[in-house]
Amino acid sequence: MISEGRTSKNVCVIGAGPSGLVAARELRKEGHGVVVLDQNHDIGGQWLYHPNVEDQDPLGKCPILKVHSSIYASLRVISPRETMGFMDFPFRVREGRDSRRFPGHKEVLMYLRDFCEWFGLKDMIRFNTRVDYVGMLNHEECNDDGLKWTVKSIEKKKAGYDDDDQKVVVEELFDAVVVATGHYSQPRLPTIKGMEAWKRKQIHSHVYRVPEPFRNEVVVVVGNSYSGQDISIELVPVAKDVHLSVKDLEIAEGLAKIISKHCNFYLHPQIESLQEDGRVTFVDGSLIFADSIIYCTGYSYSFPFLDTKGIVSVDDNRVGPLYEHTFPPKLAPSLSFVGIPRKIIGFPFFESQAKWVAQLLSGKRKLPSQEEMTKSIKDFYNSRDVAGIPKHYTHEIGEFEYCDRYADYMEFPHLEEWRKVLCRSAVKNSYANLETYRDSYSDDYEMLQVAHQSPHFTQLGDHAIPL
């Protein structure tokens with residue numbers, strides 16, 4: 001719904017990764033005052049690589065992690081760069097930089113820096129500032145429109161946060177808060193018998209960076225996600241043996257090809273138990289002695305700073321209740337989440353979320369009633385239950401149609417057909433040719449031509465972004 005009146009709000013955005021940056025851009029464009037708080041020294045969020053993780057909890061059990069990024073040194077994107085860019089800022093090849101269609105993580109960070117510079121976002125960001133508390137002020141006395149939010153943050157001056165002399169605590173009041181902290185930082189761990197007693201090395205992939213520490217070791221990698229596959233393949237030339245433990249032994253053709261090529265790469269079902277002496281027993285009764293276990297078992301949504309008096313919670317990785325994965329009905333639009341959904345083309349979707357949030361806060365658009373939003377959420381949960389989808393997959397979208405329906409709420413452009421085709425092609429190629437799909441894509445040539453000649457790639461002109 002479109003409204004006539006416009007208002008300006010004082011908004012705090014938590015996080016300066018892709019979702020936080022585009023949120024800040026859209027909020028300012030809509031006339032709001034914006035402050036972005038980020039615990040790191042630079043923009044990028046997950047894409048800001050941290051090589052030094054030696055002092056981190058190897059399993060990431062601490063609720064407040066000092067290292068946000070889970071990027072490993074060799075990581076390359078799994079989607080072609082053409083599909084990744086924000087709708088009005090193409091992810092083009094820049095002279096002297098990584099020109100691959102599936103570039104490494106540093107190129108994505110450079111793209112985000114270009115975005116930040118092009119739109120002049122840096123003056124809104126306070127770096128080295130960790131958000132410690134976000135809570136409602138007099139929430140029982142206020143309706144949705146009158147809510148105020150207390151935000152307490154800790155600014156790091158020189159040393160670490162543990163040095164009380166080098167940190168400043170700041171308390172501020174905002175009309176609205178946008179949570180844009182990402183979803184690939186807080187490790188999600190399996191429950192395995194003997195896991196606590198196992199004396200050898202166990203880490204979550206959150207703190208994996210390079211294969212060298214595992215040289216000549218027998219390594220078990222748990223999980224068949226993209227990171228599990230990447231890390232397993234990277235370890236094969238270095239480790240003595242690599243044992244990949246998966247839920248389903250019916251693996252994709254591409255992974256099967258790679259395993260068949262190496263005499264030290266083995267596939268196993270899930271782990272039954274671990275013993276103190278290093279034994280790893282699998283559910284089929286087989287066992288090995290391992291030196292290290294790497295858990296590539298995903299991540300949990302975590303907002304340790306957020307106090308909503310129980311209105312918003314995380315239950316088995318379901319953040320809720322959230323209308324369209326963005327708004328808690330009782331607190332919307334003064335509290336919103338940008339960047340929750342997974343298995344989508346992230347940057348354009350985050351952009352559509354940010355635009356909707358900004359327009360709701362200005363009064364340009366209105367949400368359905370609280371009752372209507374609550375019913376919509378319940379209907380969505382029921383549909384997932386009927387389809388047999390586990391609760392922890394609530395925010396895994398996996399369909400372009402949803403992104404287009406979402407865009408209609410604020411008259412945002414639908415994803416171009418070439419984006420959808422190129423994305424589907426990359427997924428298909430990865431299943432069949434895991435080892436080569438990032439560098440072999442001749443079947444995409446015609447659609448690539450369409451993409452490069454599209455308004456998305458030509459809108460800024462050949463020299464609009466300096467090389």
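This is a predicted model: local features need pLDDT of at least 70, side-chain atom pairs count only at pLDDT 80 or more; totals for chains, interfaces and linings use all residues.
1. Helices here are DSSP runs of H or I with at least four residues, strands are runs of E with at least two, and both are numbered from the N terminus.

2. Residues are numbered from 1 along each chain as its sequence is written, and side-chain values use heavy atoms, with hydrogens and water left out.

3. As to confidence, the mean pLDDT (the predictor's confidence in each residue, from 0 to 100) of the protein chain is 93, and 94% of its residues reach 70 or more. Over residues 463-467, by contrast, pLDDT stays under 50, and the model has 11 contacts (heavy atoms within 4.5 Å) beyond four places in sequence for this stretch.

4. The protein chain comprises 11 helices and 21 strands. Its radius of gyration, taken over C-alpha atoms, is 23 Å, close to the 23 Å that the globule rule (2.2 Å times the number of residues to the power 0.38) gives for 467 residues, so the chain is as compact as a globular protein of that length. Of the 467 residues, 55% count as buried, and among contacts with a separation of 6 or more, 68% join residues 24 or more positions apart.

5. Two cis peptide bonds deserve a look, with omega near 0° from glycine 320 to proline 321 and likewise near 0° from alanine 332 to proline 333. Proline 321 is in the loop between strand S20 (318-320) and strand S21 (335-337), and proline 333 is also placed in the loop between S20 and S21. Most residues other than glycine have a negative phi, and most peptide bonds are trans.

6. Asparagine 317, in the loop between strand S19 (313-315) and S20, has a phi of about 70° and counts as buried at 4% relative accessibility. Glutamate 324, which lies in the loop between S20 and S21, has phi near 55° and counts as buried at 16% relative accessibility.

Terms used. Buried means under 20% relative accessible area, exposed over 50%, partly exposed in between (1.4 Å probe, protein chains only).
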